Amino acid sequence: MRRHPLMRILNAQTVALAGVLLLNWFLFPGFFDIAWQDGRFFGSLIDVLNRGAPVAILAVGMTVVIATKGVDLSVGAVMAVAGAVAATMVVDGYSAFTAIVVALAVGTLCGVWNGLLVALLDIQPIIATLVLMVAGRGLAQLITEGSIVTFSDPHLIFMGTGSFLGFPMAAVIALVLMIAVTLAVRRTAIGLFIEAVGINRSAATFAGIRSRMLLISVYALSGFCAAVAGIIVAADIRGADANNSGLWLELDAILAVVIGGTSLLGGRFSIPMAVIGAIIIQAMNTGILVSGFPPEFNLIVKAGVIILILVLQSPIAQQLLIFSRRNAGKRSTP
Amino acid sequence: MNRSLRPLAATTIIFIIAYGLSVAQFPNMFSTRVLGNFLTDNAFLGITAVGMTFVIISGGIDLSVGAVIGFTGVLVAVLVSWFSVHPLIAFAIALVVASAFGALMGCAIHFLQVPSFIVTLAGMFLARGAASVLTQDSIPVNHEFYSFISTLYIKLDGGGRISFIGGLMLLVFVIGAILAHRTKFGSYVYALGGNATSASLMGVPVARTTILVYTLSSFLAGLAGVVFSLYTSAGYPLAAVGVELDAIGAVVIGGTLLTGGYGFIFGSFVGVMLQGLVQTYIIFDGSLSSWWTKIVIGMLLFLFIVLQRVIFSSSAPKLKHVRKLKHE
Amino acid sequence: MADTSYTLQARGICKYFGEHTALQDIDFALRPGEVHALLGENGAGKSTLIKILTGAYHPDAGEVLLEDRPVSFRDPLHAQAHGIGTVYQEVNLLPNRSVAENLFLGRQPTRFGMVDKRRIEREATELLARYGLDDIDPRAELGAYSVAVQQIVAIARAVELSGKVLILDEPTASLDRNEVEKLFEVIADLKARGLAIVFITHFLDQVFAIADRVTILRNGRLIGTEPLTEMSRTDVVRMMLGKDISFSGGTSAVGEREVGELLVSFRGTGRTGSLQPFSLDIHKGEVIGVAGLLGSGRTEMARIMFGIDPADSGEIRLNGTPVSIQSASDAIAHGFGFCPEDRKADGIIGDLSVRENIVIALQGKLGWFRALNRDDQLEIAGRFAEMLDIRAASPDMPIKLLSGGNQQKVILARWLATDPGFLILDEPTRGIDVGAHAEIVRTINRLRDDGMALVVISSELDEVVAYSSRIVVMRDRELVAELRGENINPSVIVQAIANQSDEAIAS
């Protein structure tokens, strides 16, 4: 079943991405233009990577959570918490490094909390993560005391607006995180265990896999990723906005994972494909912007994409597909 | 005591104690004025929570309600202000559109067999997007009918008043309670949330009930949008962001089991009032900030989720036993 | 006698699922006022037959007649409306609603559009009284009552809605003795009222206590329908399990096999509510066969041994040292392996490849960070695929696409890859093709000769006799006999299971 590497790149996600990019180019002929200026690249394509980075980072954690048959609704709120922690700490005079480390730790802790509710109390993931989804923004506001905490620490700002080898820092971080997590789960047995637990938890238990620690780790990773995304978003606007940071991004992250081909029912997952899913979402957003539609129009497009995927994945459509294949098979072999 | 009553009893006791403590600190809080404002300020949330209660009892969730409130508010404003439609007709149109929207979501959930949260998520995007496409800005509504409605209220002793929208919310709660506890539809909703397979074997029309539940939820969200429009005299596409979470919070704090099958409409009323109490307390205190509302609600949510977990898992060992035997 | 004396009849029923024949030419007839036991091991076709009678499945051949008229039901609701009610083992009612609502859901009387609660409660009280449940509050939540009460409520509902035929699918599986008696009073009463009752169970005592006639299925075929007055318990067990057992009586298959040193010993190991404490020593190079009917406690024993349901009494010794086995991973760490009975629910991980399914237990033993790379995995998978003759187009193919026999061999390979000292197999050959069957039996023999200790649970008595050194017999959640030497032959086993002529099985 091993295919040629070039063939393996060719799949539904990359074709969809290419389609969206081509459509953008059609709507806005300068879409693929890239300029080099002040030691970094500029252009719509670079912009897509830069703006898509937070959702891509969230999608990295969300993919493994969904692969275990779970979901993490709290990532948007955790982003707000992490951004608030980082911003208030640098304003209070801590170094950017300390602020970032603490913010990441707080985000991870939020994830561990979710994981404990899911793995130890056996509460449904959607319900367990709802608690932080509701309370998280309140906590973030508590930290920022209700205002938008602005900061000017150059190191922290660099996380959101800087560049590395000419590429936007946010995109670089997303790429590094994607590669690191992919290697971490695929070069160890963790990925296999995650899939086994997501597909059939009972059989996985019979095969001797202890699922509790695994679930806690997976939610912790999701919290960590949310913290990274929160820091980037805060750094990008040079301030922590507890009300709006990460608003609805949990939904974008879930959508990215689903576009990436990971089933909401758990099991087989692909982190790179989820990241491509996030880029597809951002490319659609950008396309809508450059073609002059109101930005809110992309909500309708996103809804359309969800509906399309749901219809394609639904049991009815699967049956139709099998049916038509069978019929095709009958015709070819009379 | 019936175990499903325990969370409701807990909420009611918490409310009474919290209200008592608040009154002890701020005696002014014990007045019909404050109580009347409780109802008026939370009318749209309460109406939404009634629909959400049905959805959650049936074993689902509806994330689209906040967006539907925003959408109907904008639709009413657009019809009244731009097209000079009489508000009553605009309300009727908005309610029909909202109900049809819910029916479609119900169909998708039943026939595509996908989790309700993802379908209603798409619904949320769609409704917010549609509202934003209609307008980006807040559209004010200036119509004598709106002024007329605001003059409708029942005066209470002590200067308080039950406004039209506050009264409407109470009415919706009463009708909701009758629907849930006294009609066949209500018993079907509980049956669905208890065990969909058994329900279908016992002759519950699963498809019709599912579709009706989401239709009802969207209808009530639409009604909440109308109320929100009357309350603010404006339509704004980003209105009521996050109301779905407040409504879910109120429902769960009111003793409805998030996994379905158990719950009370009255409980959701107490849940809404408890949220209103927290907000009012924060206003009276003056030094506390508004975000404490979210934190307190989150804490209550956690408390009740764990409480339900304890109550409902400890008292159903027999069924677990049966399930284990099936492994043979 | 004319056909008119039957309430429900099935004639020449066949049902196929793909290549698999679930039922072949089954005749089944039910008289009014009789309790008709339907017996057979798992996979015999009982539930398929019931599903055809109630309209859940449609037969590929044959016809169903209700009071001599051919009928074809859309679904169980339709069958119920025509008089056939069913009560399942897992009570298909709503524990979250009141007893009264469970009795009347879907047909509640209304007044002015409102459900008439008072009338429902009054009628429910009257109805419950007729079933001997006077002390039940119809307003209370159904889930607050015992399974026995729930069963009777389910029966009451089914009888009220249908009224001609009542099908009871293992209603007594989780009831205690008193509850069973109460249930039997209800059944006797319904029988007197002229209902035709189908009773499915795996407790022979209950069959003889309540049933008038018995129909026995095996491997989708009808073995026979007989009045119970003319049958002994041994006859029934023989019909359920045996292939001409009467002829193989006395031909002891094996002498005392040479066995190695003691490996695992269970001393008073048991679990409350699941299995009476049992003691068993298992040596290297021996196979212990476990015989017993479904529900006798044989699977419970395996689950306790493997730590899925940890024991709450007694001790387990490995090579003479006490060990604690609280979970499957504990058991695996001590070199145990377990092929569960329900392959689909507890065995295969459907979307994962054959390769991953083979290495998963070994990888679980190695932990998160000592990962087997793809080449290691392919090597291991290839080695065991060859050893067990696993027929998969590719080791990267999802296991769910394989046939049952190949899936079973993959699960076996999964455990062999962990190099276990002690292997438990629960019905390893059920529902698989002849070739895979033979391969698994061959493997069991080879593993034993290589010095592994095995426990094999199986209903295939001939086969168990062929490879076992000793056989333990389970009955009523208790280990009741241990057979060795001369006594290892199918007819002695059948007698032990049937609990007859105890003197014959004294070891």
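Student: What share of the 328 residues in chain B is buried?
Tutor: In this predicted model, buried residues make up 55% of the 328 residues in chain B. Each of them has 20 or more other C-beta atoms within 10 Å of its own.

Student: Why does the radius of gyration of chain B agree with a compact globule?
Tutor: The rule is 2.2 Å times the number of residues to the power 0.38. For 328 residues that gives a value near 20 Å, and chain B has 20 Å, so the two agree. Along the principal axes, the C-alpha atoms of chain B fill a box of roughly 70 × 50 × 35 Å.

Student: What makes up the contacts in chain B with a separation of 6 or more?
Tutor: Residues 24 or more positions apart account for 78% of them. The secondary structure of chain B is 15 helices and four strands.

Student: Which residues of helix α2 of chain B are buried?
Tutor: Helix α2 spans residues 32-41 of chain B. Its buried residues are B:Val34, B:Leu35, B:Gly36, B:Phe38, B:Leu39 and B:Thr40. Their cover includes α3 (43-57), β3 (161-163), α8 (164-182) and α13 (265-285) of chain B.

Student: How do you know that chain C agrees with the compact globule?
Tutor: With 507 residues, a compact globule would have a radius of gyration near 23 Å; chain C has 25 Å, which counts as agreement. Its C-alpha atoms fill a box of roughly 70 × 55 × 45 Å along the principal axes. Chain C has 18 helices and 22 strands. Of its 507 residues, 51% count as buried. Residues 24 or more positions apart account for 68% of the contacts in chain C with a separation of 6 or more.

Student: Why is helix α10 of chain C called largely enclosed?
Tutor: Eight of the eight residues of α10(C), residues 298-305, are buried, so the rest of the structure largely encloses this helix. The buried residues include charged ones by class, among them C:Arg298, C:Glu300 and C:Arg303. C:Gly307 follows α10(C) and has a positive phi, near 80 degrees.

Student: At what angle do helix α4 and helix α11 of chain A pack?
Tutor: The angle between α4 (residues 75-91) and α11 (residues 211-237) of chain A is about 55 degrees, and their axes are 7 Å apart. That makes α4(A) oblique to α11(A). Angles under 35 degrees would count as roughly parallel, and 65 to 115 as roughly perpendicular. The crossing is right-handed.

Student: What is the contact of α4(A) with α11(A) made of, by class?
Tutor: There are 14 nonpolar, four polar and no charged residues. Among those from α4(A) are A:Val75, A:Met79 and A:Gly83. The α11(A) side includes A:Ser222, A:Gly223, A:Gly230 and A:Ile231. Gly counts as polar here.

Student: How many residues does the contact take from chain A and from chain B?
Tutor: Chain A gives 32 residues and chain B gives 39 residues. On the side of chain A, the elements that give two or more residues are α6 (125-144), α14 (297-313) and α15 (315-332). The largest share, twelve residues, comes from α6(A).

Student: How do the residues of the side of chain A that touches chain B divide?
Tutor: They divide into 24 nonpolar, five polar and three charged.

Note on methods: Residues numbered from 1 in each chain as written. Chains lettered and ligands numbered in written order. Predicted model: local features only at pLDDT ≥ 70, side-chain atom pairs only at ≥ 80, totals over all residues. Contact = placed C-beta atoms within 7 Å. Buried ≥ 20, exposed ≤ 12 C-beta atoms within 10 Å, placed from the backbone. Axes fitted to C-alpha atoms, helices over the stretch in contact; angles between N-to-C directions. Parallel < 35°, antiparallel > 145°, perpendicular 65-115°, else oblique. Left-handed = near helix turned anticlockwise from the far one by under 90°.
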